[in-house]
Amino acid sequence: MHIWVDADACPVAIKEILFRAAERAQIPLSLVANKPLRVPRSRFIRSLQVERGFDIADAEIARRLAPGDLVITADVPLAAEVIARGGHAINPRGERYTTENVREYLAMRDLMEKLRETGVQTGGPAALDQTDRKRFADQLDRFLAKTARA
């Protein structure tokens with residue numbers, strides 16, 4: 001199993017949780033972004049810089065994804081593709097995307113996009129807080145424990 005991170009917009013606090021988890025579980029972790037990233041020296045952690053452009057990092061993650069891999073992303077279309085290809089996806093707030101809920105997330109994303117197109121101010125997501133960080137860490141720990149047992 002490999003952990004892929006859609007790292008352009010991934011919060012620093014979430015990256016730090018992932019760094020610790022990769023070391024502890026000795027699982028390869030790759031951060032994919034269109035800018036250089038600083039990562040700790042580790043045989044398990046690396047960064048991969050891709051060209052700038054819309055969804056280039058997402059496409060690279062999808063290209064390299066193997067069934068059973070985990071992707072950390074807030075990008076719902078990427079999460080849907082990951083699920084369709086036999087991978088797993090968790091967003092930085094600790095919500096796990098599944099075959100049962102990813103369509104709902106896509107529908108909500110599309111609705112919000114249509115509202116914004118009509119001029120409705122929908123606002124953005126709230127800032128990541130300590131509860132979100134804990135929820136993410138707990139979800140990641142549950143996933144890694146389940147994977148280790150399999």
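1. Salt bridges. A search of the whole structure, which is a predicted model, finds 6 salt bridges; a salt bridge is a side-chain nitrogen of Lys or Arg within 4 Å of a carboxyl oxygen of Asp or Glu. Side chains of opposite charge can pair when their charged atoms come close.

2. Basis of the values. Local features need pLDDT of at least 70 and side-chain atom pairs count only at pLDDT 80 or more, while totals for chains, interfaces and linings use all residues. Residues are numbered from 1 along each chain as its sequence is written, and side-chain values use heavy atoms, with hydrogens and water left out.

3. The pair R24 and D141. R24 forms a salt bridge with D141, and the closest N and O atoms are 2.9 Å apart. This pair links distant parts of the chain, since R24 belongs to helix α1 and D141 to helix α5, 117 residues apart. Helices (H or I, at least four residues) and strands (E, at least two) are DSSP runs, numbered from the N terminus. R24 counts as exposed at 55% relative accessibility, whereas D141, at 37%, counts as partly exposed. The terms are set by relative accessible area: buried is under 20%, exposed is over 50%, and partly exposed lies in between (1.4 Å probe, protein chains only).

4. E60 forms a salt bridge with R63, the closest N and O atoms being 2.7 Å apart. Because E60 and R63 are 3 residues apart in helix α2, about one helical turn separates them. E60 also meets R64 in a salt bridge (2.5 Å, N to O); these two residues lie 4 residues apart in helix α2, about one turn of the helix. Through shared partners, the salt bridges join E60, R63 and R64 into one network.

5. The largest nonpolar core. A nonpolar core is a set of buried Ala, Val, Leu, Ile, Met, Phe, Trp, Tyr and Cys residues joined through side-chain atoms within 4.5 Å. The largest one has 24 residues, and those with the most contacts inside it are I3, V5, L18, L29 and I72. Two or more residues are given to this core by each of β1 (3-6), α1 (12-25), β2 (29-33), β4 (70-72) and α5 (130-149). The largest share, 6 residues, comes from α1. Leaving aside neighbours within four places in sequence, V5 is in contact (heavy atoms within 4.5 Å) with C10, L18, L29, S30, L31, V32, I61 and I72.

6. The second core. A separate core of 17 residues includes V32, L65, I83 and Y97.

7. Helix α3 and its ends. In α3 (residues 76-84) the buried residues are V76, L78, A79, A80, V82 and I83. D75 caps the N-terminal end of this helix, with a side-chain oxygen 2.8 Å from the backbone nitrogen of L78. Just after α3, G86 takes a positive phi of about 90°.

8. Most residues other than glycine have a negative phi. Q26, which is not a glycine, has a positive phi of about 55° and is placed in the loop between α1 and β2. D55 also has a positive value, near 65°, and its place is in the loop between β3 (45-49) and α2 (56-64). D55 is partly exposed, with a relative accessible area of 34%.

Technical notes:
Polar contact = N/O pair within 3.5 Å; in protein donor to acceptor, adjacent residues only side chain to side chain.
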